[in-house]
Amino acid sequence: MSTAQQTALAEGFTALLEVAGVACVFGTKTVQGVLGQLKPDDSRLLGAPDRSALLCVLTSALTAQSIAPKRGGVVTVDGVSFTIGRRPDAQPSGIMEILIAPTA
């Protein structure tokens, strides 16, 4: 069960999707996500390619379409191909964080 803070974050993220959302295609299935850059000192970048970014999507959107992103998989974000760099992190807020890097 989500806490009030987790629910508020998920609701805030839904509003962010409306203004900054981009199409994220996993195979043939599309969900909306938000693409952002991590700060250079973010611990999630350790061992990751220099051009890594963070893609955030609602876990419920992935589940609704039976999308299970995994390390090494490919996602096309706004027409650009990216490879998933590590196992996605499902946050208690209902947001899935996916570390991605441009596909070579």
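## Disulfides

Counting as a disulfide any pair of cysteine sulfur atoms within 2.5 Å, the search of this predicted model comes to zero disulfides. The sulfur of Cys24 has its closest cysteine sulfur in Cys56, at 9.8 Å, which is too far for a bond. Cys24 is buried at 0% relative accessibility, and Cys56 is likewise buried, with a relative accessible area of 14%, where buried means under 20% relative accessible area, exposed over 50% and partly exposed in between, for a 1.4 Å probe and protein chains only.

## Salt bridge

One salt bridge is found in the whole structure, the term requiring a side-chain nitrogen of Lys or Arg within 4 Å of a carboxyl oxygen of Asp or Glu. The salt bridge joins Asp89 and Arg86, whose closest N and O atoms are 2.8 Å apart. Asp89 is partly exposed at 22% relative accessibility, and Arg86 is partly exposed at 26%.

Glu97 lies in strand 7, residues 95-102, strands being DSSP runs of E with at least two residues, numbered from the N terminus. Glu97 counts as buried, at 18% relative accessibility. Its side chain makes a polar contact with the side chain of Gln91 at 3.4 Å; such a contact is a pair of N or O atoms within 3.5 Å, and within protein one must be able to donate a hydrogen and the other to accept it, while residues adjacent in sequence count only if both atoms are side-chain atoms.

## Basis of the values

Because the model is predicted, local features need pLDDT of at least 70 and side-chain atom pairs count only at pLDDT 80 or more, whereas totals for chains, interfaces and linings use all residues. Residues are numbered from 1 along each chain as its sequence is written, and side-chain values use heavy atoms, with hydrogens and water left out.

Definitions and conventions
Helix = DSSP H or I, 4+ residues; strand = E, 2+ residues; numbered from the N terminus.
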